Amino acid sequence: MKATRDGFGEQLVLSGEDNDKIVALSADLGKATKIDKFRSAYPERFFEMGIAENNMIGVASGLSEHGYKVFLASFASFLTGKYDTIRCSISYSNAPCIIVGTHGGLAIGRDGVTQMGLEDVSLMRSLPGMTVLNPSSYNQARSIVKYLCDKDLKNPHYLRLGRQPVSEPYEENVVFELGKGVVHKVGSMGVVFSTGCVLQDVLEATKDIDITVIDMPTIKPLDVEIIKKYSIGNVFTVEDHSIIGGLGSAVAEVIAEKGLEAKLNRIGVDDQFPESGLPSDLYSKYGLSAEKINERIVNVLDK
C-alpha cells in the first residue's frame, strides 16, 4: 500500500528524465508533499520558495509563460488559502501550471482542521478553465502525473493528493483518460460515485451490496455521460471533502440539469469543521469509514 502523494513524487522524477522543461516549486513542505524527490534528482530544476505560497504561485505563473512545465506543491489547505492569488495569477492568465495540493481530507488526523484540505475541490472547480483531478490510488496518481507531463497543457490543473497509504485496484500500467469515470463493479440497486482516496473504503463497504461503483478521478471536466447512464434510482457520492461544492454538488448539477430520475445521497464531511484525532477515529466519526459508508447505503436502500 502506498499513498497517492508517493505516486506523484516518484512519477515526477521519472518524467523529468525525458522532459527537461519540467520544474518543481515547493513551499517548505517538500518532504511531506513528496516533491523533494524531484529536488534530489534534478536540483537545478527545483526551487524552494519557503513559507511563501503567494510568491510561489506568482513565480510558477511566470515560469509557465516561458515554456516551462511547472509543478507547485503544498498542503491543499495552504494553497487554497491563497485562492485570490491563484485566481488572478494562474486562472485569470490561464497559466498552464499544475497546482499540487496534498493532505486532502481527514487523514492528516491529529494535526487538525487547519491542515485538512476539505474545501479545495469546491474552490478549484469554481475557477474558469481549471481542471480538477483527484486520484484514488498510487498507480492512478502516477498515471495522471505522466499524463500531465506528456501532454501539451493549455490550461491550469489542480491535482489533489492524499497522505494515507491506500490499497491498489489498478494495474501498474493503467492509462489515465481525462474526464472519464472508471466502473469497478456493476449492480442493480443504484450507483456509488467515489473520488480520491476513499475508493478502498467504498469497495469494502459495497462488497456485499448489489450496487455499481464508479471511480471519478476527474472532477472537472466531469464525465456527464457516465452519470447519465448509471444515475437511475438511488445515487450516492462519497468524498473525503465537504459535501458542499465537491463531487456531490457536481453530480447533483448533472442530475438536475439532465432531468434524471434519481435520488442523490451525498456522503462526505457535513457543513462543519472536524476535530483532531486519529485518522481512523475521524473517518468513523464523520461517516467515511467502510463500516459507516455501508450503514448509510444500506439504510437508504432498505427504505
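**Exercise 1.** How many nonpolar, polar and charged residues does the lining of the largest cavity have?

*Solution.* The model is predicted: local features need pLDDT of at least 70, side-chain atom pairs count only at pLDDT 80 or more, and totals for chains, interfaces and linings use all residues. Residues are numbered from 1 along each chain as its sequence is written, and side-chain values use heavy atoms, with hydrogens and water left out.

Step 1. A cavity is a set of points, on a 1 Å grid over the protein atoms alone, where a 1.4 Å probe fits but cannot get out; lining residues have an atom within 4 Å of a point.

Step 2. The largest cavity holds about 70 Å³, and its lining includes Asn134, Arg160, Cys197 and Asp240.

Step 3. Sorted by class, this lining comprises three nonpolar, six polar and two charged residues; Gly counts as polar and Cys as nonpolar.

**Exercise 2.** Describe the pairing of strand 4 with strand 6.

*Solution.* Step 1. Strand 4 (residues 98-102) and strand 6 (residues 157-160) pair in the parallel sense over four bridges.

Step 1. Opposite Ile98 stands His157 of strand 6.

Technical notes:
On a 1 Å grid over the protein atoms alone, a cavity is a set of points where a 1.4 Å probe fits but cannot get out, and a pocket is an open set with protein on both sides within 12 Å along at least five of seven lines; lining residues have an atom within 4 Å of a point. Grid points are joined across faces, edges and corners, and a volume is the space filled by probe spheres set on the points. Two strands pair if DSSP finds at least two bridges between them. Helices (H or I, at least four residues) and strands (E, at least two) are DSSP runs, numbered from the N terminus.
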